[in-house]
Amino acid sequence: MRRFVPLILLAAIAGAYFAYRHHLASQPFEWAGTVESRTITVGSRVGGRVASVAVKEGDSVAAKQPLATLEPGDLEAQKLMAQAQIDQAEAALDKLKAGARPEEIAQAQARAQQATAAAAETRGSRSEDVAVAEAQLAQAQAGVDKAQLDSDRAHRLLASQAIAQAEADNADTALRTAKAQRDAQQKILEARKSGARVEDKAQASARAVEAAAAAQLVKAGPRVEDLRTAQAVLDATKARLAQLEVMKDELVIRAPVAARVEAFDLRPGDLLAPNAPAGTLLEDDQLYVRIYVPETQIGLIHEQAEVPISVDSYPGRTFKGQVEYVAKRGEYSPRNLQTADERADQVFAARIRILEGKTDLRAGMAATIMVAH
């Protein structure tokens, strides 16, 4: 019997070892993680002074529910200005599309005819005007002849001392005046015969061409480019009004989806900068557990597979979860998980979506995922 005791002990040890290995093989793998929730940071793109706050931390809110309202400031006045600019742009565009009125066309044509007639006058004087100038010259020459006779008579009388020197001087003055009037009338006749100067003719012709072109433009209506410009101005003013409408809607901070208010520290009177965070919401129905699976065990977990989840807060109870994502690239586990030796091994991050127990589980709870061999 003494010789068989060692053999019996070895058999007992071997049996215990294989029993232990079988026990370990029958136990599921466990991976530790943390319950997390998707968060939403809400705010306003315009900013402003807080007028009212409608929620407090811990409240459950529905989608589109107002959380806080900002004061409008001068936004309403800007909208009125934008609307007035739209009316003005529409009126300008309608005027261009309608074209010139018949009265405006007639007015432009009359100006063109007037300028054409003025240009025609510069090409030369009428025979009647020349005849009048010649008659006026003849009348002036007759005045010179009479003044010459009066001057000669006065000098003869002065020689015989029949008149005073003053009367002879008056006769000489009248003669010089008559000659000056005759010479002026001679220049008028020459001007009538030669017509307007070359410069005057050129200016009159240019004014006639310009007036005719202006009349043609009025009759032809607006250019395509002018219509496009007016339409662009109208579109720009409408876009500005639409932008102001969006800014007005941004004065009310709303919950984008159903969630729970995690942090919301605004108070009436606070100033909120544009695009600044106003609060944080948690999507309670978007709970998940993030775990890190060792490389040697990555083949045990697959996307869409259902796995049980347990937390310390509810011992003996498991919650159904579904593998939502498994990383395609390995990494080293965070320092807040595993031991120093285990962190040296490569792991793959995985996200497990929680399918039940969302009213009991909270973000931040320690969780364990169990997967059978």
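# Notebook: loops, sheet, cores and rings

I began with Lys64, which is found in the loop between β3 and β4. Strands here are DSSP runs of E with at least two residues, helices are runs of H or I with at least four, and both are numbered from the N terminus. The model is predicted: local features need pLDDT of at least 70, side-chain atom pairs count only at pLDDT 80 or more, and totals for chains, interfaces and linings use all residues. Residues are numbered from 1 along each chain as its sequence is written, and side-chain values use heavy atoms, with hydrogens and water left out.

**Entry 1**
I looked up phi for Lys64 and found a value near 70 degrees, positive in a residue other than glycine. Most residues other than glycine have a negative phi. Is Lys64 buried or exposed? Lys64 counts as exposed because its relative accessibility is 58%. The cut-offs are under 20% relative accessible area for buried, over 50% for exposed, and partly exposed in between, with a 1.4 Å probe and protein chains only.

I then went to Asn275, in the loop between β7 and β8. Its phi is near 65 degrees, again a positive value in a residue other than glycine. Asn275 has 60% relative accessibility, so it counts as exposed.

**Entry 1. The whole chain.**
I noted eight helices and 13 strands. Of the 373 residues in the chain, 27% are buried. I took the accessible surface as about 24100 Å², with 54% of it belonging to carbon and sulfur atoms. That area comes from the Shrake-Rupley method with a 1.4 Å probe; for residues, only the protein chains shown count as cover. I also checked contacts (heavy atoms within 4.5 Å). Among contacts with a separation of 6 or more, 78% join residues 24 or more positions apart.

**Entry 2. The open sheet.**
In what order do the four strands of the open sheet run? I read β5-β4-β2-β7, with antiparallel pairing. The edge strands are β5 (252-254) and β7 (271-272), each pairing on one side only. Two strands count as paired if DSSP finds at least two bridges between them.

I followed β4 (residues 66-70) to both sides. Three bridges join β4 to β5. Pro66 has Arg254 in β5 as its bridge partner, and Thr69 has Val252 in β5. Toward β2 (residues 48-53), β4 again pairs over three bridges in the antiparallel sense. There Ser52 stands opposite Thr69.

**Entry 3. Pairings of β6.**
I traced β6 (residues 259-263) next. Two bridges join it to β3 (residues 60-61), and the two strands run antiparallel. Val61 stands opposite Ala259 here. β6 also pairs with β8 (residues 277-294), over three antiparallel bridges. In that pairing Val261 stands opposite Leu281.

**Entry 4. Nonpolar cores.**
I searched for sets of buried Ala, Val, Leu, Ile, Met, Phe, Trp, Tyr and Cys residues joined through side-chain atoms within 4.5 Å. The largest core has 28 residues. Val42, Leu67, Ile253, Phe264 and Leu281 have the most contacts inside it. β1 (29-43), β4, α2 (75-98), α7 (224-249), β6 and β8 each supply at least two of its residues. Which element gives the largest share of this core? It is α2, with five residues.

A second, separate core has 21 residues, including Val35, Leu287, Phe319 and Val371.

I listed the contacts of Phe264, leaving aside its neighbours within four places in sequence. They are Val42, Val53, Val55, Glu57, Leu67, Ala68, Ala278 and Gly279.

**Entry 6**
How many aromatic pairs does the whole structure hold? I found one. Tyr314 and Phe319 form it, edge-to-face, at 5.9 Å centre to centre and 80 degrees between the planes. The rule covers rings of Phe, Tyr and Trp (its six-membered ring) with centres within 6.5 Å; planes under 30 degrees apart are stacked, over 60 edge-to-face, and the rest tilted. Phe319 has a relative accessible area of 2%, so it is buried. Tyr314 is partly exposed, at 26% relative accessibility.
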